[in-house]
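Subject: Structure handover

Dear colleague,

I am passing on the structure below, together with some notes on what was found in it. Please read the notes with the model open beside them.

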Amino acid sequence: MASSDQPPGPTPPTAEGEKVPGKRITAKQIMLDAGAGMLQSLKPVKQVNQHVCTFALYAHDLGRQIETHHFVARLNQDFLQCAVYDTDSTSGRLIGVEYIVSEKIFEALPPEEQKLWHSHAYEIISGLWVNPRVPEIVEKPELENLAKTYGKFWCTWQVDRGDKLPLGVPALMMSPQGVNLGMVRPDLVQKRDDKYNISTDALRASRLEINGPEWINPQADYWKQHGKGFAIDIKQTEMKKITPFP
């Protein structure tokens, strides 16, 4: 069993109604945080300009599927970075990070690195990728671009197995695909659709004219070609020796 799939160990107890162990936030702490927020720039966080709701599958076990909420910041036209949460509510837990790159950048990556990435064409054209509360006509140009991108998503908190804390090593995630194990469970899709009052089927129909990439590199979505996933394991190793400062 890979370290990324080991069951969680004992964790501190949680209070009733709390997702995470720990005391409730005090009024004093709220005031301190508000004061810090007024004095600090928080520039990287303020670059977040999109909320995307979609789904992700564990690379070592495609049967484990989760709804994800990506808060997206664009560094340039070829590179986006996303903080990934389990929900878009105020109690959302930061469960991972995804990097999204253009075809141009992906094709320049070494083949071994490309195996860790997934394509986005099916996820977008099928209507699974949505920007909640944003009219489809507004997001359509962005979807045209994103359909040709690739992503690498590391999950650091496996909330779907009941972890109360971010335990163990990161798990590599894959995107939904239109074949066998890559299909998202209908109950997950319906739950998401009900929450945002949308129809994935209707979105799929409205996106028929979106052009995906002419060719998807077979190194991406590696499991589709080879039936193999990737999981991180931990091993003990000798520390590198460094010269102490004088």
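For the charges, Lys and Arg count as positive and Asp and Glu as negative, while His and the chain ends are not counted; the place of a charge is taken as NZ of Lys, CZ of Arg, CG of Asp or CD of Glu. On that basis the chain has 28 positive and 30 negative side chains, and the centres of the two sets lie 6 Å apart.

This is a predicted model, in which local features need pLDDT of at least 70 and side-chain atom pairs count only at pLDDT 80 or more, whereas totals for chains, interfaces and linings use all residues. Residues are numbered from 1 along each chain as its sequence is written, and side-chain values use heavy atoms, with hydrogens and water left out.

As to the overall fold, the chain contains nine helices and seven strands, where helices (H or I, at least four residues) and strands (E, at least two) are DSSP runs numbered from the N terminus. Along the principal axes, the C-alpha atoms fill a box of roughly 55 × 45 × 40 Å. Of the contacts (heavy atoms within 4.5 Å) between residues at least 6 apart in sequence, 67% join residues at least 24 apart.

Buried residues make up 39% of the 246 in the chain, with buried meaning under 20% relative accessible area, exposed over 50%, and partly exposed in between (1.4 Å probe, protein chains only). In helix α6 (residues 136–146), the buried residues are E136, E139, K140, E142, L143 and L146, and they pack against β1 (48–58), β2 (61–76), β3 (79–85), β4 (94–101), α5 (121–125) and α8 (200–206). K241, by contrast, is found in the segment after α9 (222–226) and counts as exposed because its relative accessibility is 73%. K241 and R204 are 37 residues apart in sequence and 55 Å apart in space, C-alpha to C-alpha.

Finally, the structure holds zero disulfides, a disulfide being a pair of cysteine sulfur atoms within 2.5 Å. For C82, the nearest cysteine sulfur, that of C53, is 13 Å away, and C82 counts as buried at 2% relative accessibility. For C155, the nearest cysteine sulfur is that of C82, 14 Å away, and C155 is likewise buried, at 0% relative accessibility.
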